[in-house]
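Please walk through this protein step by step, starting with the whole chain and ending at a single residue.

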Amino acid sequence: IELKSGILSIFLKTGIVFTQVDLWLGLSYCDGKWNKVTVNKEGSVVSASMNELKEQTLEPHVQQLKVNSPVYVGGIPPEIQNIYKELGLEQGFGGCMKDVKFTRGAVVNLASVSSSAVRVNLDGCLSTDSAVNCRGNDSILVYRGREQSVYESGLQPFTEYLYRVVASNEGGSVSSVWTRVRTRESVPQNVPTPSRVHSINGYSIEVTWDKPAGVIGVIEKYILKAYEEDGPNVPITSAELADTSMLTGILTGLHPFTNYAVTLTACTLAGCTESLHALNISTPQEAPEDVQPPTAISFPTFLLMSWSPPKTPNGIIIQYTLYMNGVPIYFGNGTKYVVKDLAVFTPHQFLLTACTLAGCTNSSQVTLFTAQLPPSHVDAPVLTVLDSRTIYVQWKEPVEVNGILDRYIIYIANSEQNFTKWNVIYNSTELFLDFTIQQLFPGTEYLIKLAACTGGGCSVSEASTAITDESTPEGVPAPKAQSYSSDSFNISWTKPEYPNGIITSYGLYMDGVLMQNSSQLSCYAYGLAPWSLHSFRVQACTAKGCALGPLVEARTMEASPEGTVDIFAIVDGSKEVQLKWLAPNKPNGKLTYTVLVTGLFYADQ
């Protein structure tokens, strides 16, 4: 169906048969009123009528028309145009239409059934100027001259105009067909404040408004906006409503128990305008959201409970309820509570309920423990001596742990340090029940005690005693030999660096001969020759054997020489004498000689 240059044309193609009906209208339809157009096919007769005018044609070979595809009104999509090139399709419809109906079925509401919208005025055209501007005899001269284009201003917004060009010379004139043009819309003016706002719940409201008066053009959409009364000038939420026939909309995404200012915005293709004033509303309270579970400071027999207000209260919190193991233990509007008379390190289930006038919300359930204490009692470890340097330690887990067992610690002290210094020899979170202590000293008494620890501290057992097997001594010292006379020594020594057991005896060797075997740490040797060289060595013995220390040499003190000194003199000349002598029989030390000479000495005059 095509309306062009005053002719209403019907093109019908069924199979290979093409039928065309042309109805001459002129400008009869340009009267500012609605015109009724009817297209009909009955058997071989195809007809078209508008108002009182009618035209029909007979086509015997026309086939039955079956519509099994989408129906396009006002134009067709670009992807289909290439299939029907023979129709000579023009630009889409540019007028106004309503009450489209088919023979079968009810009146079609184009705004509700359209799968894609062609932006035409479905509510009725502006008709006041159309009646004037599309009459050929009443047309207004816009331009006269030689140019081939003209710019016309001062037109009405969203108004349909018909233009044609007349080219003339001295021999006559020729006219173009009428071309239909519609000016663009204007931005809406004086958009009214919403007339009514009603709260559906704390999160959404229903807004009602009146249709803006004096809008020149088609309203494309309405926009509802909600601002917080004392907040920034930015909408908290908004909603676009494309069905402009509806004057009621739902605005969601609001917060309960909050004051809002609601505005209406109307939009045409030219732009949008928001109402100057807003309608205020307070959303009602709702049940709280994001209720936080309670927390606690743990003590061995009580819990100091506390909680924070819900992140989203949605109103005024009128009551908290604290549940322990499913039983309410606190009602009120405080944020702290002490739960007493609890067992040590015991789990309890807690849940918090927060309430407004609109309802209550539970937090997630949380498990909280009372604090740990050290174990009540730790048994002394059982010690097994494996050899002279190794002790195997075993123990049992405490009966009352009072928490989560965290680690075991083994302390050790030995007799060499008089049991005054305790050292940690084992500290591990691996909860084994035995440990082998190595690299100990043979023949040494050890005290060993065990500590068991939880998060609440450690408990230490009584000490167990063990003595490692003896071995031969190590680090036997060198003796110290001092001579205070020419015929004796005072010899002394200390204990071995590592006795490796109980020293049963010390032996003193002088010049390779055992001269003393006792528990003494000293010896006196006498009857020796002055300045005589002697060697000394100490032997230390345990029940497992003996060990020798290093060899030391020393001399007795010197004494006066014994015997005579025989001297011999040999005259070498008038002025020289050579003296020789023999050492005494017993020097008794390092000898030095002094020669004394008496008599006259030669001197040059």
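Among the contacts in the protein with a separation of 6 or more, 60% are made by residues 24 or more positions apart; contact means heavy atoms within 4.5 Å. The model is predicted, so to speak of local features requires pLDDT of at least 70, and side-chain atom pairs count only at pLDDT 80 or more, while totals for chains, interfaces and linings use all residues. Residues are numbered from 1 along each chain as its sequence is written, and side-chain values use heavy atoms, with hydrogens and water left out.

The protein contains three helices and 44 strands. Helices (H or I, at least four residues) and strands (E, at least two) are DSSP runs, numbered from the N terminus. The protein is more spread out than a compact globule, because its radius of gyration is 62 Å, well over the 25 Å that the globule rule gives for 605 residues. That radius is taken over C-alpha atoms, and the rule is 2.2 Å times the number of residues to the power 0.38. Along the principal axes, the C-alpha trace spans about 185 × 90 × 60 Å. Of the 605 residues, 32% count as buried, where buried means under 20% relative accessible area, exposed over 50%, and partly exposed in between (1.4 Å probe, protein chains only).

Two strands pair if DSSP finds at least two bridges between them. S4 and S5 (residues 45-50) run antiparallel and are joined by six bridges. Lys41 stands opposite Val46 in S5.

Residues 191-286 are 0% helix and 45% strand, with end C-alpha atoms 33 Å apart. For residues 287-373 the values are 0% helix and 48% strand, and the end C-alpha atoms are 41 Å apart.

Where does Thr370 lie? It is in the loop between strand S26 (366-369) and strand S27 (382-387). Thr370 counts as buried because its relative accessibility is 1%. Leaving aside neighbours within four places in sequence, Thr370 is in contact with residues including Phe299, Pro300, Leu342 and Val344. Thr370 and Val344 are 26 residues apart along the chain, yet their C-alpha atoms are separated by 5.8 Å.
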